[in-house]
Amino acid sequence: MVTAKVWVLKKHFEGFPKPSDFEMKQVALANLKDGELLLESVFLSVDPYMRPYSKRDMKEGDVMIGTQVARIVESKNPAFAVGTFAVANRGWRTHFISDGKDLSLLPASWPESLPKSLALGTVGMPGLTAYVGLFEICKMKPGETVLVNAAAGAVGSVVGQLAKIGGCKVVGCAGSDSKVAYLKSIGFDEAFNYKTVTSLDEALRKASPDGYDCFFDNVGGEFASIAINHMKKYGRIAVCGAISQYNDSVPQKGPYIQIPMIFNELSMKGFIVTSWNNRREEGVKALLKWVLEGKLKYHEQVTERFENMPAAFIGMLKGENLGKAVVKA
Ligand SMILES: NC(=O)C1=CN([C@@H]2O[C@H](COP(=O)(O)OP(=O)(O)OC[C@H]3O[C@@H](n4cnc5c(N)ncnc54)[C@H](OP(=O)(O)O)[C@@H]3O)[C@@H](O)[C@H]2O)C=CC1
Ligand SMILES: CCCCCCC/C=C/C=O
């Protein structure tokens with residue numbers, strides 16, 4: 001019999017998550033029935049959505065939500081061979097049983113040389129978010145100027161590089177000088193540290209004096225309120241995330257967006273990547289191809305050991321990650 005380790009939400013987060021909000025438990029798994037598989041998590045994802053979704057979807061004592069790349073270690077299902085890898089959405093667990101219906105096998109074309117953890121990042125949900133947000137929501141066109149915040153993270157770093165592949169000028173901002181240097185190294189035309197500029201308004205103007213056609217917003221709050229005034233006529237804003245607001249106990253107040261929306265005839269649309277699953281196969285294929293061609297670079301912030309899941313999650317919310325934050329179990 002296998003005993004799985006799991007992390008549960010011990011106490012709903014109040015403000016910024018704390019280590020004491022989590023508790024690790026052991027769960028004995030049943031023996032496999034016909035048609036079932038036993039999987040072992042190899043890489044687990046920590047993502048910003050876990051913060052707002054914990055409040056919306058979870059109760060205290062539930063296993064933390066999340067996805068993993070897992071290896072099939074035992075199989076009583078002829079369709080799934082031992083040793084193959086799949087992406088699952090089974091939360092913070094070292095081991096779990098599946099009937100296979102909730103698994104997405106890694107594409108057969110996945111090269112041995114490529115880390116399988118990329119299926120949680122650049123070639124997974126965050127990469128697809130960038131793909132959908134730019135091509136479907138922003139409707140980015142060659143020659144345009146694209147702005148992205150949280151640019152050195154999992155989604156933002158792909159946004160900037162896809163914008164370059166699509167023939168655009170790209171401006172990114174991030175929260176440290178080393179992140180800014182990374183953005184320049186992967187082809188961003190302009191990048192700045194939003195924490196150290198004396199005026200965000202001036203920094204945005206300096207980076208693109210003519211303004212922005214597309215704004216891929218991962219941050220919301222004050223940044224978005226300032227950036228909206230730098231949009232060009234008919235500009236498009238993809239409202240992807242609002243990480244600057246996820247830990248607020250008291251909702252932030254305006255400024256309000258109506259005036260720039262009206263007079264620049266802007267379009268602003270929120271989206272959730274999982275509503276675009278019809279584009280998933282096409283998106284994963286394109287992202288994998290660009291990675292293999294060397295046109296789409298990736299960086300991962302790998303935290304070792306399942307025991308460190310809460311630390312990796314909290315660290316990512318604080319901005320300690322460059323690229324995709326993952327845990328190697
Ligand atoms: N709509 C959708 O379907 C999806 C939305 N998202 C959203 O996209 C955004 C990015 O996600 P993801 O790429 O996975 O995460 P990241 O890898 O970008 O990690 C989060 C980053 O957010 C930045 N950050 C944290 N707090 C603040 C703050 N107060 N102000 C500005 N930046 C902050 C930090 O970078 P820094 O050092 O630069 O501050 C941190 O590294 C999130 O808002 C997330 O919720 C993600 C996936 C799907
Ligand atoms: C199966 C993973 C669920 C991913 C949901 C992504 C939506 C994110 C919204 C904001 O971060």
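**View 1. Burial of N218 in the predicted model.** With a relative accessibility of 9%, N218 counts as buried, a label given to residues under 20% relative accessible area, whereas over 50% is exposed and anything in between is partly exposed (1.4 Å probe, protein chains only). N218 lies in the loop that links β11 (212–217) to α6 (221–227), these elements being DSSP runs numbered from the N terminus, with at least four residues of H or I for a helix and at least two of E for a strand. This is a predicted model, in which local features need pLDDT of at least 70 and side-chain atom pairs count only at pLDDT 80 or more, while totals for chains, interfaces and linings use all residues. Residues are numbered from 1 along each chain as its sequence is written, and side-chain values use heavy atoms, with hydrogens and water left out.

**View 2. Contacts of N218.** Leaving aside residues up to four places away in sequence, N218 touches V148, N149, A150, V155 and G156, as well as C240, G241, A242 and I243, where contact means heavy atoms within 4.5 Å.

View 3. The chain holds nine helices and 15 strands. Its radius of gyration, taken over C-alpha atoms, is 20 Å, close to the 20 Å that the globule rule (2.2 Å times the number of residues to the power 0.38) gives for 329 residues, so the chain is as compact as a globular protein of that length. Of these 329 residues, 51% count as buried, and residues 24 or more positions apart account for 67% of the contacts with a separation of 6 or more.

Key. Chains are lettered from A and ligands numbered from 1 in the order in which they are written.
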